[in-house]
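Dear colleague,

My findings follow directly after it.

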Amino acid sequence: RGLVVVVDGPSGSGKSTLCRRTAAALGAGYLDTGAYYRAVCWAALEDGVDLAAAAAASSTPGGRDHGSDEAVASLARGLDLRVGTDPERPYVIVRGTDVTAAIRESRISAAVSAVATNLEVRAELIARQRAAIAVQAAERGVVAEGRDLTTVVAPDAAVRVLVVVDEQRRLARRALELHGTSDEAAVERTRDEVVRRDRDDSTVASFTEAADGVAVLDNSGTLEEGVEALLALAAA
Ligand code: CDP
């Protein structure tokens, strides 16, 4: 059996690039679990599900819009979704359409928490992620990343890591991704989106504190330093 490495961390922590590069170095598969939530969000918007109502309801404590919650849960259970595991060429295909780029759009980032806080959606996607990790583990090992892998999806993984990063660095990375620049204005615009999504996500997965047995990796340095640190944890 190949090695299972699972990595959690907040948006903008650089964990995607870090995990892809580390998977490639290990000759292992790569799994982006956030892509599953983004794909369900994309399909829900495509189907005209009222995610805005779900989002508005879910941002009030204890509030859910049960009609749209049930619609999204049943959509998730029946969704034709394929997530690639080649670290050199990740792809996401929904209902035969390549949505690899489309699921990164800001309309998805803005709506995805409404999908990710739906517990029935999580149950379905977690089951699919566990199956995908098991297939990769049996073949060549895997580096998987997300928000709840070290605690919920794969608490028995051989290597569990929480990525943290200097806050200013995190916002700058995200601004560069979203706006193509990390100047001050872009960072400020980014701050609102990042802070809001962290808050919305924090109700379902704790990715700011390392659980017992989870190593903390500070990814504030260069990509090479991060990869070296993760490879060292994988080899330990
Ligand atoms: O790349 P970025 O950090 O912006 O987000 P992502 O990893 O693509 O995840 C997108 C969204 O999916 C997150 O904001 C969470 O709402 C959700 N997610 C989750 O709930 N559990 C995971 N294991 C991974 C992602």
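Which residues in H1 are buried? In helix H1, they are Lys 15, Leu 18, Cys 19, Thr 22 and Ala 23, where buried means under 20% relative accessible area with a 1.4 Å probe, protein chains only. Viewed along the axis of H1, the buried residues lie within an arc of 125°, so they line one face of the helix; the arc is taken over the directions from the helix axis to the C-beta atoms.

This is a predicted model, in which local features need pLDDT of at least 70 and side-chain atom pairs count only at pLDDT 80 or more, while totals for chains, interfaces and linings use all residues. Residues are numbered from 1 along each chain as its sequence is written, and side-chain values use heavy atoms, with hydrogens and water left out.

Helices (H or I, at least four residues) and strands (E, at least two) are DSSP runs numbered from the N terminus. The buried residues of H1 pack against strands E1, E2, E6, E7 and E8 and helix H10, contact meaning heavy atoms within 4.5 Å. After H1 comes Gly 27, with a positive phi near 70°.

Five strands make up an open sheet with parallel pairing, in the order E2-E6-E1-E7-E8; two strands pair if DSSP finds at least two bridges between them. Strands E2 (29–32) and E8 (215–218) stand at the edges, each with a single partner strand, so one side of each has no neighbour in the sheet. Four bridges join E2 to E6 (residues 142–146), and Asp 32 has Glu 145 in E6 as its bridge partner.

With kind regards

Definitions and conventions: Buried < 20%, exposed > 50% of the residue type's maximum accessible area, 1.4 Å probe, protein only.
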